[in-house]
Amino acid sequence: MTATLKDATAIVGIGQTAFARHLPQSEKELACRAILAALADAGIEPSEVDAFASYTMEETDEVEVAKAIGAGDVTFFSKIGYGGGGSCATVGHLASAVATGQATVGVAWRSRKRGSGPRPWKNTAVQLPTPGQWTRPFGLLRPADEIGMLARRYMHEYGATRDHLFNVAMACRNRANANPAAMMYERPLTREMYMTSRMISDPLCLFDNCLETDGALACVVVSAERARDCRQKPVYVHSVAQGLPAQHHGMVNYWNDDPLSGPAWTAARHLWKQADFGPQDVDVAQIYDAFTPLIPLSLEGYGFCGRGEGAAFTEGGALEMGGRLPVNTGGGGLSEAYVHGFNLINEGVKQLRGVSTSQVPDATTCLVTAGEGVPTSAILLRS
């Protein structure tokens, strides 16, 4: 019998700091605050933590964090690359460690001062990585430029319009308007505001781009058996996957046969293969939204609609509460906070606990995805 991670572990604690354009605390302090909040939420002492997982882009490391929170001996630690593509993989790595007995209490986190800190692409003193040598000298300097090019290709091939991208931005903003923790709380968006806003990288305007945020989030993973005795209702890690397609070139997919078939397609095949349910059974989704086009591309990649149908899927309020697939119910990276997608994990947990500020009635299944366009990851959660 093939070994599986299916429902072997659960997320039992979540924590976060405030989100803002500028917070005075260091990234280390923010990380520790989020982790301690998650452990308190679970009812687990910091001294019981023996596993850590985060991002390679995380500036706070497990050595300093473990000392600061008072962890015991640590028997598993990992970091996942590719920025937002690593978000769900942090939970997946901890699930694997706990399920195989390498650890008992795992903490995943992301702390970032992206709002008040420097933009990563501003450092021109470092040698360009090989992929960057094929993009940046030709004007694709920022992620927005690279995704802007993919978006234009998508519009050309499938007839998508800015109205479809607005549908995505509007759905996320509407959910943030109900979330007191969101940076865009009580700050409504209109179609006129969207259509007349300045272009960042044509066809992407201001509201097609994620927020710039200071903040941190964390979650706690334990075995399913232990989860039953924790303080909160367990949210089970049903399936996990990572995806790196053949001949991948980050963001732009220059070498793929089809640049619009990104890493989501690779991750999705493995994710659904390991699951007891399919896309049609997902009650709510938290889809990585650094840029609005990533949502229609991900809807296709994860099987909610056919090739080229992601834009049309957004029509008729499909992404709103009561629609075909409510998405990013805390506001997502576009309107709650952009912390490399970790808020999407915690929001998925809130939905299955029944405590979201935009609660989908009787939700029992949730898809959470990491960054599309880069080597990615995804998890299926169930209650």
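Strand S4 is covered on both faces: Gly106, Ala108, Arg110 and Arg112 on one side, and Val107, Trp109, Ser111 and Lys113 on the other, are all buried (under 20% relative accessible area, with exposed meaning over 50% and partly exposed in between, using a 1.4 Å probe and protein chains only). This is a predicted model, where local features need pLDDT of at least 70, side-chain atom pairs count only at pLDDT 80 or more, and totals for chains, interfaces and linings use all residues. Residues are numbered from 1 along each chain as its sequence is written, and side-chain values use heavy atoms, leaving out hydrogens and water.

**The chain as a whole**
- There are 12 helices and 11 strands, taken as DSSP runs numbered from the N terminus (H or I of at least four residues for helices, E of at least two for strands).
- The radius of gyration is 19 Å, close to the 21 Å that the globule rule gives for 383 residues, so the chain is as compact as a globular protein of that length. That radius is taken over C-alpha atoms, and the rule is 2.2 Å times the number of residues to the power 0.38.
- Along the principal axes, the C-alpha atoms fill a box of roughly 55 × 50 × 45 Å.
- Of the 383 residues, 60% count as buried.
- Take the contacts (heavy atoms within 4.5 Å) between residues at least 6 apart in sequence: 76% of them join residues at least 24 apart.

- The peptide bond from Asp202 to Pro203 is cis, with omega near 15°; Pro203 is in the loop between strands S5 (199–201) and S6 (204–205).
- Asn328 has a positive phi, near 45°, despite being a residue other than glycine. Its loop runs between helices H10 (310–313) and H11 (332–335), and Asn328 is buried at 0% relative accessibility.
- His340, also not a glycine, has a positive phi near 55°. His340 lies in the loop between H11 and helix H12 (342–353) and is buried, at 4% relative accessible area.
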